[in-house]
Amino acid sequence: MFEVAAIIMPIFLLIGVGYLSMRIRILNREQMQGVSRFVLYIALPALLIRAITQNPLEEVFNINYLLAYGLGSLGVFGLALGYTVMLKKQPLTIGSISSLGMSVSNSAFSGYPVAVMIIGPPAANFLALNMIIENLLIIPLALILAEAGQQAGRGVMKSLQKTLKQLIKNPILIGLFVGVLIAVTDIHLPVPVTQAVDMLANAAGPTALFAIGGALYGLQIRGVMGEVSQIVIGKLIIHPLGVFICMWLIAGNDALLIAGALLFAGAPMASIYPLLGQRYGMGNVAAGALMAGTLMFFITISVIVSLMTYFSVLP
């Protein structure tokens, strides 16, 4: 137990430093958003470029991981959507955004910093794969369904076109594309450029945790505990369980793949979730879910790591 705490505690301390920086006004909201943008637009693309170019492509793009994690996430999304729309009789827009919160992890800001401390460099490869699944599959699907529900069946093609345009400008996908291009063409970058990429990549994990702490400051849950609880339980318990089942069925006893998948699936919902929720009238629910999910993450990730240690899942 103390070994698990020693692994997890630095992560929570960095989140706490970010929160405290906002609390005592070392940084304001706008400055903290600048830190988040640095991570999203500069550090994370550099991390993905390094991950893809440092290893053979067949090792980075592990088909078993892509298939298992993708099916697990898609399965949780479908179950959550069916429960919300068919059983709870909620509109398709609300069901889509709720399902998004349960099936897309904060892979960059929470999953990667935790995974890299526990399984080391392979965490960057898993981050690249998760970015593909989340940005090309789950998020576009959720947004298209949410828009379809809002438009009552009209303008779906327009929503699809808008989503595709947003994907093209996504810095994460641009980083993935640049990394694959360099790897495929076997371009050898100058040493100073490689060193700069390494420095930026190394900043991604700790800076992301700092930004998460800052984002938690000021968030409030106002009369939406029922919806928030449903999303948090789905994200922190059902999503890891669904991904684990698919990974076990597809990847077998590959301890590294299972460990990586659980660490990323066990992360709270994506940091952009409140922004997407606000667009569809679920701002308070999404913000509350992010806050509650991140706080509960302290407990659930400790349980996940303890179970992986006990059952010798960690590689």
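The model is predicted: local features need pLDDT of at least 70, side-chain atom pairs count only at pLDDT 80 or more, and totals for chains, interfaces and linings use all residues. Residues are numbered from 1 along each chain as its sequence is written, and side-chain values use heavy atoms, with hydrogens and water left out.

Biologist: How many Å does helix 14 reach from its first C-alpha to its last?

Modeller: Helices (H or I, at least four residues) and strands (E, at least two) are DSSP runs, numbered from the N terminus. Helix 14 has 28 residues.

Biologist: At which residue does helix 14 bend?

Modeller: A bend at a residue is the angle between two fitted axes, one for the seven residues ending there and one for the seven starting there. In helix 14 this angle is about 40°. The bend sits at F297.

Biologist: Which residue with a positive phi follows helix 14?

Modeller: Helix 14 covers residues 283-310. The residue in question has a phi near 55°. It is S312.

Biologist: How many aromatic pairs are there?

Modeller: Rings of Phe, Tyr and Trp (its six-membered ring) pair if their centres lie within 6.5 Å. Planes under 30 degrees apart count as stacked, over 60 as edge-to-face, and the rest as tilted. By this rule, the count of aromatic pairs is 6.

Biologist: Why is the pair of F12 and F297 given its class, and what is that class?

Modeller: The ring centres of F12 and F297 are 6.4 Å apart. F12 lies in helix 1 (residues 2-23) and F297 in helix 14, so the pair ties together parts that are 285 residues apart in sequence. The planes of the two rings stand at 80°, so the pair is edge-to-face.

Biologist: What is the class of the pair of F12 and F298?

Modeller: The centres of these rings are 3.9 Å apart. F12 in helix 1 and F298 in helix 14 are 286 residues apart, so this pair also links distant parts of the chain. The planes of F12 and F298 meet at 40°, so the pair is tilted.

Biologist: Is F298 buried, partly exposed or exposed?

Modeller: Buried means under 20% relative accessible area, exposed over 50%, and partly exposed in between (1.4 Å probe, protein chains only). F12, at 14%, counts as buried, and F297 is buried too. F298 has 25% relative accessibility, so it counts as partly exposed.

Biologist: Which residue does D198 meet in a salt bridge?

Modeller: A salt bridge is a side-chain nitrogen of Lys or Arg within 4 Å of a carboxyl oxygen of Asp or Glu. A search of the whole structure finds 1. The N to O distance is 3.8 Å, and the partner of D198 is R50.

Biologist: How many residues apart in sequence are the parts that D198 and R50 tie together?

Modeller: D198 is in helix 10 (residues 191-216), and R50 is in helix 2 (residues 29-54). D198 is partly exposed at 22% relative accessibility, whereas R50 is buried at 16%.

Biologist: What is the area of the nonpolar surface patch made by M296, I299, V303, L307, Y310 and F311?

Modeller: Patches are made of residues with over 30% relative accessible area and no salt bridge: like charges are joined within 9 Å, nonpolar side chains (Val, Leu, Ile, Met, Phe, Trp, Tyr) within 5 Å. Areas come from the Shrake-Rupley method with a 1.4 Å probe, and for residues only the protein chains shown count as cover. One member, V303, has 43% relative accessibility and so counts as partly exposed. The patch area is about 660 Å².

Biologist: Where is R25, which has a positive phi?

Modeller: Phi of R25 is near 65°, and R25 is not a glycine. R25 is exposed, with a relative accessible area of 74%. Its place is in the loop between helix 1 and helix 2.

Biologist: How many Å separate the C-alpha atoms of G218 and Y19?

Modeller: G218 lies in the loop between helix 10 and helix 11. At 52% relative accessibility, G218 counts as exposed. G218 and Y19 are 199 residues apart along the chain, and their C-alpha atoms are separated by 9.4 Å.

Terms used:
The expected span of a helix is 1.5 Å times one less than its number of residues.
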